[in-house]
Amino acid sequence: MTSQGQELLEGKNEPPPPSSSWHQALLATTGTLPVLSQSQIQQMSPLALAYIGDAIYELYVRMFYLLPVQQTKTYHCLVVAQVRAETQALHLRSLTPHLSPAELEIVRRGRNAASGRTKRVEPQIYQQATSLETLIGYLYLTDFPRLTELLQKLHLEK
């Protein structure tokens with residue numbers, strides 16, 4: 001383990017300043033990510049956008065629950081409750097009045113792409129959850145400030 005990693009584990013290194021966003025923290029730890037053109041993003045399938053959106057949404061939820069410090073099992077339970085398809089569908093419905101026509105079109109594309117059979121939830125719930133993930137993936141790649149604005153409207157409970 002590096003000395004910097006050891007310092008972090010021992011609490012000797014300062015955490016990132018509170019003014020830094022979760023996006024900046026992500027970029028600081030991942031290095032340089034490829035820059036995609038608007039044309040490349042438009043060519044992505046809704047399910048590819050949902051794939052990215054799923055990861056970004058889960059990271060956002062994990063970071064939301066990171067403080068106060070808790071046991072790992074508690075973190076896990078809190079996060080799982082938020083990343084379930086049923087909760088994502090509720091979040092999409094709560095955000096819908098705040099979405100622009102272009103964002104609603106992304107949501108529609110995500111809903112139409114989610115056509116597989118589901119084991120645990122009704123197809124409509126799965127479609128709504130995929131729609132939310134598609135929107136998050138699209139906004140992450142195209143308009144991060146707007147994504148942050150919408151994520152802050154979600155009613156996550158501590």
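**Helices in a predicted model**

User: Where is Pro46 placed?

Analyst: This model is predicted; local features need pLDDT of at least 70, side-chain atom pairs count only at pLDDT 80 or more, and totals for chains, interfaces and linings use all residues. Residues are numbered from 1 along each chain as its sequence is written, and side-chain values use heavy atoms, without hydrogens and water. Helices are DSSP runs (H or I, at least four residues), numbered from the N terminus. Pro46 sits in helix H4.

User: Is Pro46 buried or exposed?

Analyst: Buried means under 20% relative accessible area, exposed over 50%, partly exposed in between (1.4 Å probe, protein chains only). Pro46 has 15% relative accessibility, so Pro46 counts as buried.

User: Which residue does UniProt list for "active site", and how does it count by accessibility?

Analyst: The unreviewed UniProt entry lists Asp54. UniProt positions are given in the numbering used here, feature names are shortened, and annotations may be inferred rather than shown by experiment. Asp54 lies in helix H4 (residues 46–64). Because its relative accessibility is 33%, Asp54 counts as partly exposed.

User: Why is helix H9 largely enclosed by the rest of the structure?

Analyst: Helix H9 covers residues 144–151. Its buried residues include Phe144 and Leu151. H9 is largely enclosed because the buried residues number six of the eight.

User: Which residues beyond its neighbours within four places in sequence is Pro46 in contact with?

Analyst: Contact means heavy atoms within 4.5 Å. Neighbours within four places in sequence are left aside. The contacts of Pro46 are then Arg109, Gly110, Ala113 and Thr134.

Key:
Helices (H or I, at least four residues) and strands (E, at least two) are DSSP runs, numbered from the N terminus.
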